[in-house]
Amino acid sequence: MRPYAFGVDIGGTAVKLGLFRTTGELMEKWSIPTRTEDGGEHVLPDVIASLRAKLEERAIPWDQVEGAGMGVPGPVKEDGTVMRCINLGWGVFNIPEQIRTLEPRIHRFRISNDVNAATLGEQWRGAAQGRKNVFMITLGTGIGGGLVINEKITNGVGGAAGEIGHFLVEPGETEICKCGRRGCLEQYCSATGLLRQAKKALLERPEIPSVLRSEAELTAKDVCDAAKAGDALALELLEKLGDRLGWALTAVTSTADPEVIVIGGGLSNAGDILLEPIVQGYRAHAFHALRDTEFTLARLGNDAGIYGCVRMLM
Ligand SMILES: [Zn+2]
């Protein structure tokens, strides 16, 4: 294997890039803005230009580079066809073909969904290091999921394996999810979902005192902070989140039976105050043979994606 490789994690506002040694050491990371205008047509040329500039800066020739792995915020099929990335303005097209046209000197190129890549990153160098079968769920603006089986990403035929954000948990919901249906996990257990539930509870139950009432602009972090300080309503909100999420995760373990479930995404920065109710909710609903599944918080933060992207090349 050649000595260097790139990890490229494309997000809606920024592209995170990493130059690695293929032994696994991150040498340098940097980011460039994601230009989503004009249907996102500048995104890949910008990435390639940034990789070229980095090699020039470090005087590394292309023949010393094993390749580049890329994560994108949308479903990706095994052949590298991206099935629309709404955040980037992308439609359906084959990314490896485009990359080879832009830069024929790239030796190897691999691509996957960004959460799948982050899951592989956590499995390789993060919270699930040493485990072969890992499920990761990211709780942020939305909910993402990634499944690694035998140290390999599972993309699925439609490129959406592991995406449990739109798993139905509340059939009676009246509000519409952004996917067009009602009662999806994401509507309750993402950072946005937790905030929505908090605002609803404050409105519907004025008799309950809570420090959350004094927040001018309530955020999901405020809810977690209040729970840490012992606020009863905030604790109840996290308990309910844990119950719903735990229930949804029993569907994952019943199907894939991973060694460990990693909880990541912005909301996971809350730490144990979030993790504990999820584990409790899970154990309360799980089939007895699956009840002992291990849970852990993600460790690599925003770097998980670039680690996983490089790992895809190996
Ligand atoms: Zn939905």
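# Questions on a zinc-containing chain

Reader: Where is E66 found?

Author: The model discussed here is predicted. E66 is found in a strand, and that strand is β4.

Reader: Is E66 buried or exposed?

Author: The relative accessible area of E66 is 7%. A residue under 20% counts as buried. E66 therefore counts as buried.

Reader: With which side chain does the side chain of E66 make a polar contact?

Author: E66 touches M1, R2, Y4, A5, T22, H107 and R108, leaving out residues up to four places away in sequence. A polar contact of 2.9 Å joins the side chain of E66 to the side chain of R108.

Reader: How many residues of α9 are buried?

Author: Helix α9 covers residues 304–311 and is mostly covered. Its buried residues are A304, G305, I306, Y307, G308, C309 and V310. Of the eight residues in α9, the number buried is seven.

Reader: What covers the buried residues of α9?

Author: One of the buried residues of α9 is V310, and V310 is in contact with A5 of strand β1. The elements that cover the buried residues of α9 include β1, β2 (14–21), β3, β4 (65–72) and α3 (114–125).

Reader: What separation do the C-alpha atoms of A5 and K178 have?

Author: A5 and K178 are 173 residues apart along the chain. The distance between their C-alpha atoms is 37 Å.

Reader: Which residues coordinate the zinc ion?

Author: The donor residues follow the spacing H-x10-C-x1-C-x4-C in sequence. The histidine donates through ND1 and the cysteines through SG, at 2.0 to 2.3 Å. The residues are H166, C177, C179 and C184.

Reader: What geometry does the site of the zinc ion have?

Author: Ideal angles for four tetrahedral donors are 109.5 degrees. The angles among the four donor atoms of the zinc ion are 104 to 116°. Four donors count as tetrahedral if all angles lie between 85 and 135 degrees. The site of the zinc ion is tetrahedral.

Reader: What value does phi of N150 take?

Author: Most residues other than glycine have a negative phi. N150 lies in the loop between β9 (143–149) and β10 (152–153), and it is exposed because its relative accessible area is 52%. Its phi is positive, near 50°.

Reader: What phi does E151 have?

Author: E151 is also in the loop between β9 and β10. It counts as partly exposed because its relative accessibility is 32%. E151 is not a glycine, yet its phi is positive, at about 65°.

Reader: Which side chain does a polar contact join to that of H42?

Author: H42 is in the loop between β3 (26–33) and α1 (43–58). H42 is buried because its relative accessible area is 18%. H42 touches R35 and E37, not counting residues up to four places away in sequence. The polar contact, of 2.7 Å, joins the side chain of H42 to that of D38.

Reader: Which residue caps the N-terminal end of α7?

Author: Helix α7 spans residues 232–256 and reaches 35 Å from its first C-alpha to its last, close to the expected 36 Å. Just after α7, D257 takes a positive phi of about 45°. At the N-terminal end, a side-chain oxygen lies 3.3 Å from the backbone nitrogen of L233, and the capping residue is D231.

Reader: What is the radius of gyration of the chain?

Author: The secondary structure of the chain comes to nine helices and 12 strands. The globule rule gives 20 Å for 314 residues, and the chain is close to that value, so it is as compact as a globular protein of that length. The radius of gyration of the chain is 20 Å.

Reader: What share of the residues in the chain is buried?

Author: The C-alpha trace spans about 65 × 45 × 35 Å along its principal axes. Among contacts between residues at least 6 apart in sequence, 60% join residues at least 24 apart. Of the 314 residues in the chain, the buried share is 55%.

Key
Residues numbered from 1 in each chain as written. Predicted model: local features only at pLDDT ≥ 70, side-chain atom pairs only at ≥ 80, totals over all residues. Heavy atoms only, no water. Helix = DSSP H or I, 4+ residues; strand = E, 2+ residues; numbered from the N terminus. Buried < 20%, exposed > 50% of the residue type's maximum accessible area, 1.4 Å probe, protein only. Polar contact = N/O pair within 3.5 Å; in protein donor to acceptor, adjacent residues only side chain to side chain. Contact = heavy atoms within 4.5 Å. Expected span 1.5 Å × (residues − 1). Donors = N, O, S within 2.8 Å, 3.2 Å for Na, K, Ca; no water. Tetrahedral: all angles 85-135°; square planar, octahedral: opposite > 155°, others 65-115°. Rg over C-alpha atoms; globule rule 2.2 N^0.38 Å.
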